[in-house]
Amino acid sequence: MQRKQNSITLSALFMLALLFLSLATVAAAATDPTNGTNIFAPASTPAKMVAHLSVFVLAITGIIFVVVFTLLVYSVIKFRGRAVDAGREPAQVYGSTQIELAWTIIPILIVIVLFLATARAIHAVQDAPEPAGAVEVTAIGHQYWWEFRYPKLGVVTANELHIPVSDPANPTPTFLTLLSADTDHSFWIPELAGKTDLIPNHPNRMWMDPLRTGIFLGQCAQYCGVQHAKMLLRVSVDSPADFAAWARGQQQPAVQDASVATGRRVFESNACMNCHAVAGTNANGRFGPDLTHLMTRATIASGAATNTPENLRLWIQDPNAIKPGSLMPAMKLSDSDLDAVVSYMETLR
Amino acid sequence: MSSNAITIPGVQIDEKPWVDTLHEWVTTVDHKRLGVLYILYALLFLVIAGVEALIIRIQLMFPHNHFVSPGVFNRLFTMHGTTMVFFMGMPILFGFANYLVPLMIGARDMAFPRLNAFSFWLSALGGFLLYFSLVGANGLYGAGNAPDVGWWAYAPLTARAFSPGHSTDYWTLALLVSGFGSIGTAINIIATILCMRCPGMKLNRMPLLAWLNLVMAGMVLLAVSPLTAAQFMLLIDRYLGGHFFDTQAGGSAMLWMHFFWIFGHPEVYILIIPCFAFMSEIIPVFSRKPIFGYPVMVAATVCIGFVSMSVWAHHMFSVGMNSYANSFFTITTMAVGVPTGIKIFNWLGTMWGGRIQFKVPMLFCIGFLFQFLIAGLTGVMLGSAAFASQLTLSYFVVAHFHYTLVGGVVFGVFAAIYYWYPKITGRMLNETLGKLHFWLFLIGFHLTFDLMHIPGLLGMPRRIYTYEPGRGWDTLNLLISVGGFIQAIAVVIFVANLVISYFKGKTAGNDPWDAWTLEWSTSSPPPAYNFASIPVVASRRPLWDLKHPEDPDSQYE
């Protein structure tokens, strides 16, 4: 019996060890600034409110866990069958109304506390009024990329969202209207806000007010089809001056560079322009990302690859090599046409 | 003991041609044989869906891994989820309900034996249809095209525009057909429990297993019906030009979510309540005490049954419901925690002051208690709509529901198999192999599912076939996969134990655990008619009264 007691204790210790290991990993990751997708490293008000509530809920459930876990371990060890008891039955106890009442009422009180704390956070996040200085963005989910439109600024871009940092004294939060062009998607930047789905015929709203500048990462969280995994999100939180400069740049029509006229002709005489738009030219397709300022983006294919000439070339010729199942067709261009198109793309700053 | 085992007609099968034996099993209406068929069928699917899980885990061992293609990965998680819920979880629990309920309430069979057989074969057909998609979904030239819409198959991904071919149709038909089977079985369980109890077995003397299965069957009626209706609507959309879920034509994606989850959440309780039933039978026997607070356990179960019908939209905390709806589903979800907590406390109260025997069934029960405690607490976190806006759709959710479905349901099922195998086969399972199975599975389980919570907290969404390096997910995913293989080894040991013990196990006798409910009063395996004469009971523990005539339970009830 001693051996059994040991093995039960050991397994209990093993589980506790794993639990602490888990907490330690989260703590370590929380202090690691390069990680970028940790829900316990919030950098905006809605994410902070959720994180604070989360710590409160974790604390309460942690206390419940420790208490009940201790009772379970204690009773398993204390009331284990011993050889001396063989053949004798313990006292037959059928129940106790007082004890039942106690372990009914206490959980009810805990539930009420947790509910009130949650309801407060829900209200604060979901029902926050939109201040006058807010930036409006319409995010449209596509299989498998993101379209971002700034209706007040007249800017259209894809996959990499730029928003201004928000000074708490003079808040400039970003309010997003979430739409979908096809299936369900979900917008999730863990450090900026909880996720909200993009559902066809069901416009949603969400907001975030980043409190520091930098790059924040995330990705589509609602299964949307074969390339759900490579529908990555990248949010650049800029200083007000940088954001204004970026918006001014995006408002310009595409750079017209005579040296890449061949590439532009290839682009406009092939299927490219059916799906992609380049402002200031005849290309105004909307099935794929707007390419007017492609070179201002750090990645292509919704974050699946970095925006280098080699990757662009590979992407145009064989999208499946980077993102199998993507809706971009393989263009099957000749080498010279391909070089010309890539050169054209490289001028779209 | 083996030499004087009662000779019953079924034991002679060795001398009959195998075709006769097969014919007997296929045409059987005996609740015990149907129960065994359900269990074997479910174990087969446990192995198939387990292999699917292993392939998923190999793919996720390393970032940017290329073990399977994105399309295959999506089919794997769709088939894994659908199989485990509909063709492993429900059948194995129906199997135990079929086998045990008549025996425990002193009946000779289910109320409707032919409906029982019909329901089983419908469920079996459902599983077959799902896997037939592998060859039939795109015609024979498109072999390998299983459904890839996820086990909850959100609209509009299931519309013909996004799911061409027939893979989604096979998914729909599989659930439709097995749904009819489930409803038939549920009606049967309810009728059996309400109408077939032996003399003296009043409702408040029924074993808790019968009570909990009664609640489970009632929930099946309420929950599976909307799912079946929704499958019809989806078929109408796909083939008759309907627009229920067709968003391109003004249909509603939200409607499908509501239909699915008003089934989907009660479904979780449909799976776990029978496991609560196993706990409520096994823990008392190995603690040598009656269940603590029998009436409270019944009340808590009925309460879970009702409240769980009003919590479904907590699966939809990210879809953009308003703050009042989110608050409502927060309070109802957290409220379920109260009766569930009461159950854990009552099992603790049962162990308290007892003489716990650490036989393999009890080890699995103790594992269940620890794990269900954690699963319940992470459930409270997910019930908090604001916290859930971060946790939902992430690996935290995957960890949470595997904690309930593996740490809860699978541990409960293992406990039940080790406990009732002697009754079903007449032989004991090997205790040493059983302990090896338990410890290996426990270690593998915790390695996999404890760690799986963390990538979710670090922003890893579910259902992605690969992931970016450098986000703190890499090492964790590798360890999670290693844990999966440890569990697989444990399951191999378990299956080996089932087979070896069937031929070489110790003879069990009628009552190897010194238990108290009616199934242990008849032979192992029980004869086709269960009881030579219908028993008469005077308390909740008829065999205790028999063994302790000086101090019967009937004095206290």
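Let's start in chain B, where helices α10(B) and α12(B) cross in a left-handed way. Keep in mind that this is a predicted model. To describe two packed helices, you give the angle between their axes and the distance between those axes. Here, α10 (residues 360–383) and α12 (residues 395–425) of chain B pack at an angle of about 160 degrees, and their axes are 8 Å apart. Angles over 145 degrees count as roughly antiparallel, and therefore that's the label α10(B) and α12(B) get. What classes of residue make up the contact of α10(B) with α12(B)? There are 16 nonpolar and nine polar residues, and no charged ones.

Now hop over to chain A and look for its open sheet of five strands. Reading across, the order is β3-β2-β1-β5-β8 (chain A), and the pairing is mixed. At the edges sit β3 (155–158) and β8 (204–208) of chain A, each of which pairs on one side only. On average, neighbouring strands in this sheet are turned by 25 degrees against each other, direction ignored. Zoom in on β2 (residues 145–150) of chain A: four bridges join this strand to β3(A), and the two run antiparallel. For one bridge partner in β3(A), find Ala158(A), which goes with Glu147(A).

Finally, see how the two chains meet: 86 residues of chain A are in contact with 82 residues of chain B. On the chain A side, the elements giving two or more residues include α1 (2–30), α2 (45–78) and β9 (214–219) of chain A. Which element gives the largest share of that side? It's α3(A), with 16 residues. By class, the chain A side has 43 nonpolar, 32 polar and 11 charged residues.

Conventions
Residues numbered from 1 in each chain as written. Chains lettered and ligands numbered in written order. Predicted model: local features only at pLDDT ≥ 70, side-chain atom pairs only at ≥ 80, totals over all residues. Pairing = 2+ DSSP bridges. Axes fitted to C-alpha atoms, helices over the stretch in contact; angles between N-to-C directions. Contact = placed C-beta atoms within 7 Å. Nonpolar A, V, L, I, M, F, W, Y, C, P; charged D, E, K, R; others polar. Parallel < 35°, antiparallel > 145°, perpendicular 65-115°, else oblique. Left-handed = near helix turned anticlockwise from the far one by under 90°.
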